[in-house]
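Here is a short briefing on one protein chain. Keep the sequence and the model side by side as you read.

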Amino acid sequence: MSKKDEQIPPPTWDETLMKALSPWSIEIVGGGIFLLAMLLLLSLPGWGETGVMVWVVAPFRTLFGWGAYPVLLLTAFGGVHIMLQRVKRPYTVTAAHLIGIELILLSLLPLTHAVSDATLTDAYAGKGGGLVGWALSEPLISFLGIFLTGLFYLLLLTWGLFLIFSFTWADLLHGLNMISLRSRMWAHRIAPQEGEERPSITPIPPPPAPVAVIPPPIQRNPRLPPISLLEEGVQQVMDEAEVDRKTTLIEQTLADFGLPVEVTEVHQGPSVTQFGLLPGYVEKPAPDGGVQLMKVRINQISALRRDLALALAVTRLRVQAPVPGRGVVGIEVPNDETDIVRLRTLIETAVFHKLHSPMAVALGRSISGDPVVIDLSKMPHLLMAGTTGSGKSICINGMISSLLFNNTPHDLKLIMIDPKKVELIRFNGVPHLIGTVEVEADRATGVLRWLTAEMDRRYEFFTKHRVKNLQEFNHVAASLEDVNHLPYIAVFIDELADLMYTYPGEIERLLTRLAQMARATGIHLVVATQRPSTNVITGLIKANFPARLSFSVASNTDSRVILDAPGAEQLLGKGDMLFLSPEAASPARIQGVWVSDMEIERIVAHWQQAMPEAAPMSAPWESLIARHAVLDETDSMLEQAIAIAQKRDELSTSYLQRRMRIGYPRAARLMEHLYEMGLVADPKQGGKTRKTFVDEGDEDPLAKYIDEK
């Protein structure tokens with residue numbers, strides 16, 4: 001074995017500190033910082049002052065003024081942060097957060113000093129922003145004037161807030177557009193001019209996803225495919241007049257049924273446009289005989305879904321009541337034309353590269369036009385369903401293409417099972433593929449058996465090297481000469497129903513075991529079916545596939561089977577999907593990515609040209625399939641009988657019967673199979689025992705027999 005090129009990265013400063021200190025020393029240091037900061041904080045207003053505390057607290061007042069309070073609070077939080085070094089923290093503190101907090105504090109100190117008109121003497125007394133506030137404000141005021149100085153620090157303050165909340169300038173412009181739109185609509189409703197036409201409502205496009213400035217990860221290895229192999233996409237924007245017309249129809253239709261609403265949001269996606277409705281109030285008689293205002297209930301709006309579809313002249317319309325996190329009822333109206341979501345537009349986004357995962361997969365775009373990218377290694381397995389032509393196979397093609405853009409064959413292996421025999425075979429020949437695309441149901445069972453054996457083999461490696469997952473194992477393997485790197489294995493099954501109808505018990509058992517245990521070993525499953533019935537997606541399978549994805553299905557029942565919720569029966573087809581993430585409470589609507597046959601051919605051709613030395617990897621499950629074929633033809637207990645024969649010099653039928661707890665006819669048949677394999681001698685004349693010709697140290701007799709056949 002050759003020495004790995006990769007080296008173990010040097011430990012970070014906190015890891016070095018934790019190793020240098022004795023157990024619990026880091027917690028004691030953090031606790032001491034926290035207690036000291038809290039004592040000083042309580043002493044600032046004079047609650048716990050003593051002779052010593054007055055001397056200690058005074059410099060904080062002089063330096064920071066009122067800022068001594070947040071400084072000591074941040075110090076106390078730092079102590080808590082240090083104490084939690086050895087446990088998984090329930091929060092994340094990045095360098096951007098720290099810089100943002102510092103910018104806010106260093107902006108507010110001079111601003112408050114300038115506003116309070118404090119002098120240097122006042123700063124020494126701890127008033128305003130203290131000496132720090134005086135030093136940051138007075139020189140700039142003398143040079144720029146108070147207006148420009150205040151503007152400068154306000155900009156710094158805004159920048160700090162942006163860093164803390166991960167807010168971008170594009171998000172700010174998007175928010176200002178939203179405020180402008182709502183103000184125009186509100187002004188028009190409270191003071192309409194007679195004969196005036198309704199002002200047009202411009203759909204609010206999402207802030208454009210920034211393209212990564214640094215070279216993306218897929219360009220670090222020259223063997224990875226260039227982005228030019230993929231087609232460019234164009235995002236269309238709906239005409240303002242069309243948005244105004246649909247907005248008027250929605251509000252007027254609901255008003256005709258006595259439900260006043262106001263369209264406050266318009267979000268255009270590739271296939272649907274979501275109109276956000278804010279329910280109004282209706283007058284109802286009060287118990288005292290007067291009139292009271294009651295808010296329109298959202299289930300009243302949901303009940304009028306068909307009436308809205310009729311008014312808008314669309315075949316299918318989905319009501320999301322309410323939209324999570326936005327406080328409105330979403331009316332999702334199909335666009336007149338569906339945009340094609342190209343894989344290239346998603347791979348080029350910063351969202352894709354921020355995952356920093358070899359298992360990053362581009363799904364599509366949301367109803368707001370935002371890119372949706374998932375990490376298969378965190379799913380950890382995905383179950384999808386949908387009728388014929390709804391977009392399942394194209395979605396799988398997009399996932400495979402995403403993985404091929406991110407990984408070399410050294411880092412990723414693919415296994416594909418396609419009982420339909422037409423969808424995945426175009427990936428035959430790519431060096432990532434183990435064997436070829438399997439199209440026979442009986443061979444698919446052998447593939448899953450091999451996967452479970454490979455999973456068990458990897459767990460043995462993990463135990464031997466005292467690691468718990470694939471990432472840690474490969475980190476250790478990089479420093480050892482006799483340990484090989486283990487790649488991820490992504491398994492794609494395009495039609496589960498055919499397998500379940502052929503071998504229901506075996507397929508369910510193997511899939512369930514893989515789904516329960518394979519995540520840590522780097523084996524991830526993507527399973528699709530066009531019949532999401534309970535005899536295909538059984539309770540055991542469903543319970544172990546936390547991530548679900550549904551395309552258009554035939555009925556409400558099918559939607560509940562795959563998503564545990566209705567709604568998939570209202571999808572439009574052609575890639576329109578509902579994705580239920582393991583972390584999400586409700587499914588999100590997405591227009592799936594489209595990868596053409598030409599793009600797939602280019603990707604496969606690129607890998608064949610980039611790695612001409614890579615011979616197609618033979619299927620390692622061939623021997624396993626042949627072994628089970630022999631056992632099916634003979635007896636499933638033949639392996640156990642061979643193991644017994646290896647331990648004895650002589651063997652009899654009655655002994656097999658007793659040891660294996662079977663009937664005499666079956667034991668006699670097993671003895672005949674052993675004789676045909678040449679493992680036992682002819683029966684002695686008048687005797688019941690036979691001499692055995694196999695020992696425990698011999699090569700696997702069954703494998704040898706299969707090779708001879």
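**Helices, sheet and packing**

Helix H5 covers residues 95-116, and its 22 residues reach 32 Å from first C-alpha to last, close to the 32 Å expected at 1.5 Å a residue. The model is predicted.

**Helix H5 and its end**

- Several residues of H5 are buried, among them Gly100, Leu103, Ile104, Leu105 and Ser107.
- Leu109, Pro110, Leu111 and His113 of H5 are buried too.
- An α-helix has 3.6 residues a turn, so residues three or four places apart point the same way.
- Asp117 follows H5 and has a positive phi, near 55°.

**Leu151 in helix H8**

- Helix H8 spans residues 146-164 and contains Leu151.
- Leu151 has a relative accessibility of 40%, so it counts as partly exposed; the class lies between the buried limit of 20% and the exposed limit of 50%.
- Leu151 and Leu111 are 40 residues apart along the chain, and their C-alpha atoms are separated by 9.7 Å.

**Helix H16 and its end**

- Helix H16 runs over residues 441-465.
- Its 25 residues reach 37 Å from the first C-alpha to the last, close to the 36 Å expected at 1.5 Å a residue.

**The nine-stranded sheet**

- Nine strands form an open sheet with mixed pairing. Their order is S8-S7-S15-S14-S13-S9-S12-S11-S10.
- Strand S8 (371-375) and strand S10 (412-417) stand at the edges. Each has a single partner strand, so one side of each is left without a neighbour in the sheet.
- Neighbouring strands are turned by 30° against each other on average, direction ignored.
- S10 pairs with strand S11 (residues 488-493) in the parallel sense, over six bridges. Leu414 stands opposite Ala490 in S11.

**Strand S15 and its two partners**

- Strand S15 (residues 588-592) is mostly covered, with four of its five residues buried.
- Strand S7 (residues 360-366) pairs with S15 in the antiparallel sense over three bridges. Arg365 has Gln591 of S15 as its bridge partner.
- Strand S14 (residues 576-580) also pairs with S15 in the antiparallel sense, over four bridges. Here Leu578 stands opposite Arg589 of S15.
- Strands of a sheet pair through backbone hydrogen bonds, either parallel or antiparallel.

- Helix H21 (residues 556-563) lies across S9, S13 and S14. H21 runs at about 155° to S13.

**The H15-H22 pair**

- How far apart are the axes of H15 and helix H22 (residues 597-610), and at what angle do the two helices pack? The axes are 11 Å apart and the angle is about 30°.
- H15 is therefore roughly parallel to H22, since angles under 35 degrees fall in that class.
- The crossing of H15 and H22 is left-handed.
- H15 makes the contact through Asn397, Ser401, Leu404 and Phe405. H22 contributes Ile600, Ile603 and Trp607.

Notes
Residues are numbered from 1 along each chain as its sequence is written. This is a predicted model: local features need pLDDT of at least 70, side-chain atom pairs count only at pLDDT 80 or more; totals for chains, interfaces and linings use all residues. Side-chain values use heavy atoms; hydrogens and water are left out. Buried means under 20% relative accessible area, exposed over 50%, partly exposed in between (1.4 Å probe, protein chains only). Two strands pair if DSSP finds at least two bridges between them. The expected span of a helix is 1.5 Å times one less than its number of residues. Axes are lines fitted to C-alpha atoms, for helices over the stretch in contact, and angles run from 0 to 180 degrees between N-to-C directions. Contact means heavy atoms within 4.5 Å. Angles under 35 degrees count as roughly parallel, over 145 as roughly antiparallel, 65 to 115 as roughly perpendicular and the rest as oblique. A crossing is left-handed if the near helix is turned anticlockwise from the far one by less than a right angle, and right-handed if clockwise.
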